[in-house]
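Subject: Structure handover

Hello,

Please find the structure below. My notes on it follow.

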Amino acid sequence: MSDLQNKTKLMAPLRPASPIAGIIPQSLDDVWRLATLAFKAGMLKRQKVKTVSDAGAIAYADEDDEMMMSRATMQILQGLEIGMPAMAAVQLIALVGSRLVVHSEGIPAILWSKGFKLKEWEEGEGDDRTAFCRLTRPDGEVIERSFSVKQAKQ
């Protein structure tokens with residue numbers, strides 16, 4: 001029997017929220033275990049970590065395994081706080097500087113899950129192109145914003 005099989009037999013089972021739902025961690029140990037699985041599956045990319053020597057020299061090195069798994073644990077915990085499933089959090093929450101931030105399709109997913117409606121479109125060509133976004137809140141309030149190529153160049 002392999003070492004992994006022995007470890008698995010000694011662990012408490014992860015419990016699904018329902019028959020077809022993803023895993024919802026019930027403890028910090030569950031979160032750490034999910035982070036470990038994400039790490040071993042290759043879902044995590046090493047980030048550069050800033051170090052300062054005693055002489056004041058600054059250098060950057062890849063984070064070690066424990067740092068990477070700790071980061072993934074924090075991503076999962078942050079995701080759970082905002083209603084995002086654990087594995088989505090690993091993929092859609094990033095550590096930027098010292099802050100965890102939701103990126104890419106994670107932002108509209110959170111809004112849609114809360115009843116917001118989004119519409120995005122573009123008008124114009126070249127330097128006259130403008131992108132628009134209309135957000136409709138669940139209470140019906142509409143917020144519309146735009147950003148043009150000209151504004152981006154400024």
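Is K150 buried, partly exposed or exposed? K150 is partly exposed, because its relative accessible area is 48% and the classes are buried under 20%, exposed over 50% and partly exposed in between, with a 1.4 Å probe and protein chains only.

Some ground rules come before the rest. This is a predicted model, in which local features need pLDDT of at least 70 and side-chain atom pairs count only at pLDDT 80 or more, while totals for chains, interfaces and linings use all residues. Residues are numbered from 1 along each chain as its sequence is written, and side-chain values use heavy atoms, leaving out hydrogens and water.

Overall layout

The chain has six helices and seven strands, these being DSSP runs numbered from the N terminus (H or I of at least four residues for helices, E of at least two for strands). Their order along the sequence is α-α-β-β-α-α-β-β-α-β-β-β-α. Of the 154 residues in the chain, 19% are buried. Taking contacts (heavy atoms within 4.5 Å) between residues at least 6 apart in sequence, 24% join residues at least 24 apart.

Salt bridges

Nine salt bridges turn up in the whole structure, each with a side-chain nitrogen of Lys or Arg within 4 Å of a carboxyl oxygen of Asp or Glu. K150 takes part in one of them, with D128, at 3.3 Å between the closest N and O atoms. This pair links distant parts of the chain, since D128 sits in the loop between strand 5 and strand 6 and K150 in helix 6, 22 residues apart. D128 is exposed, at 53% relative accessible area.

D127 bridges to K153, with 2.8 Å between the closest N and O atoms. D127 is in the loop between strand 5 (117-123) and strand 6 (130-136) and K153 is in helix 6 (residues 149-153), so the pair ties together parts 26 residues apart in sequence. D127 is partly exposed at 42%, and K153 is exposed at 60%.

Another salt bridge joins R33 and D30 (3.7 Å, N to O). Both residues belong to helix 2 (residues 28-40) and are three residues apart, about one turn of the helix. R33 counts as buried at 15% relative accessibility, and D30 is buried at 5%.

Nonpolar core

Which residues make up the largest nonpolar core? There are ten: V31, L34, A35, A38, L44, M68, A72, I76, A86 and V90. Such a core is a set of buried Ala, Val, Leu, Ile, Met, Phe, Trp, Tyr and Cys residues joined through side-chain atoms within 4.5 Å. Helix 2, helix 3 (65-81) and helix 4 (86-92) each give two or more residues to this core, and helix 2 gives the most, with four. Leaving aside residues up to four places away in sequence, I76 touches V31, L34, A35, A86, M87, A89 and V90.

Regards
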